[in-house]
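Trainee: I would like to work through this model step by step, from the fold down to single residues. Could we take it as questions and answers?

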Amino acid sequence: MRHIISILLENESGALSRVAGLFSARAYNIESLTVAPTDDPSLSRMTLVTTGSDEIVEQVCKQLNKLIDVVKLVDLTRDLHVERELILVKVRAENEQRDEIMRLAEIFNGHIIDLTDRTYTLEVTGDSAKIDAVLKALENIPILEVVRSGQLGMGRGAMGIV
């Protein structure tokens, strides 16, 4: 089962390395990892996606909670939450493909954020299924480069990590 784990940790040198090291030492895979400072510059918010049985992920969460840098941890998968991912896709855009790419950007509520006489760069946000659908829709257009952010998530309503 796929789990989205949200971690509030001290914004200190080596904190990310210790979290990644815990996964590496136990041969657990991190599917995506996103981290950035919060509105409090002393804290960072990490969103980590991994797969495994509920028992394995629960054990990982217990081990993560023991790390000195971890302030709070929530497995968002267990509760109502929202999640989003960002993708930037640079495609070859020549002749009739230009109109097709603009139409696809509109269909997926995306934006063309950069263009040249030969390329378009699209920006699309949504859940993982939507991002996968964007790539599938572009399969007949030469893709030059893809960057995916990994998933971000937070609890719905009053539920929060802070």
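Predicted model: local features only at pLDDT ≥ 70, side-chain atom pairs only at ≥ 80, totals over all residues.

Trainee: How many bridges join β1 to β3, and which residue is the bridge partner of I7 in β4?

Mentor: Two strands pair if DSSP finds at least two bridges between them. β1 and β3 run antiparallel and are joined by nine bridges, and β1 also pairs with β4 in the antiparallel sense, over five bridges. Within β4, the bridge partner of I7 is L73.

Trainee: Is β1 mostly covered or mostly uncovered, and how many of its residues are buried?

Mentor: Buried means under 20% relative accessible area, exposed means over 50%, and partly exposed lies in between, with a 1.4 Å probe and protein chains only. For the protein of 162 residues, 38% count as buried. β1 is mostly covered, and its buried residues number seven of nine.

Trainee: Which residues of the largest nonpolar core touch the most other members?

Mentor: A nonpolar core is a set of buried Ala, Val, Leu, Ile, Met, Phe, Trp, Tyr and Cys residues joined through side-chain atoms within 4.5 Å. The largest one has 16 residues, and those touching the most other members are I5, I7, V19, F23, L64 and L73. Two or more residues each come to this core from β1 (2–10), α1 (15–25), β3 (43–51), α2 (54–66) and β4 (70–75). A second, separate core has 15 residues, among them Y120, L122, I131 and I141.

Trainee: Which residues does L73 touch, not counting those up to four places away in sequence?

Mentor: Contact here means heavy atoms within 4.5 Å. With that sequence limit, L73 touches I5, S6, I7, C61, L64, N65 and I161.

Trainee: Where is A27 found, and is A27 buried or exposed?

Mentor: Most residues other than glycine have a negative phi. A27, however, has a positive phi near 60°. The residue is found in the loop between α1 and β2, and with a relative accessible area of 71% A27 is exposed.

Trainee: Which loop holds N109, and what is its relative accessibility?

Mentor: N109 is not a glycine either, yet has a positive phi of about 55°. Its place is the loop between α3 (97–107) and β6 (111–115). N109 counts as exposed because its relative accessibility is 60%.

Trainee: In which strand is L33 placed, and what is its relative accessible area?

Mentor: L33 is placed in strand β2 (residues 32–37). L33 counts as partly exposed because its relative accessible area is 33%.

Conventions:
Residues numbered from 1 in each chain as written. Heavy atoms only, no water. Helix = DSSP H or I, 4+ residues; strand = E, 2+ residues; numbered from the N terminus.
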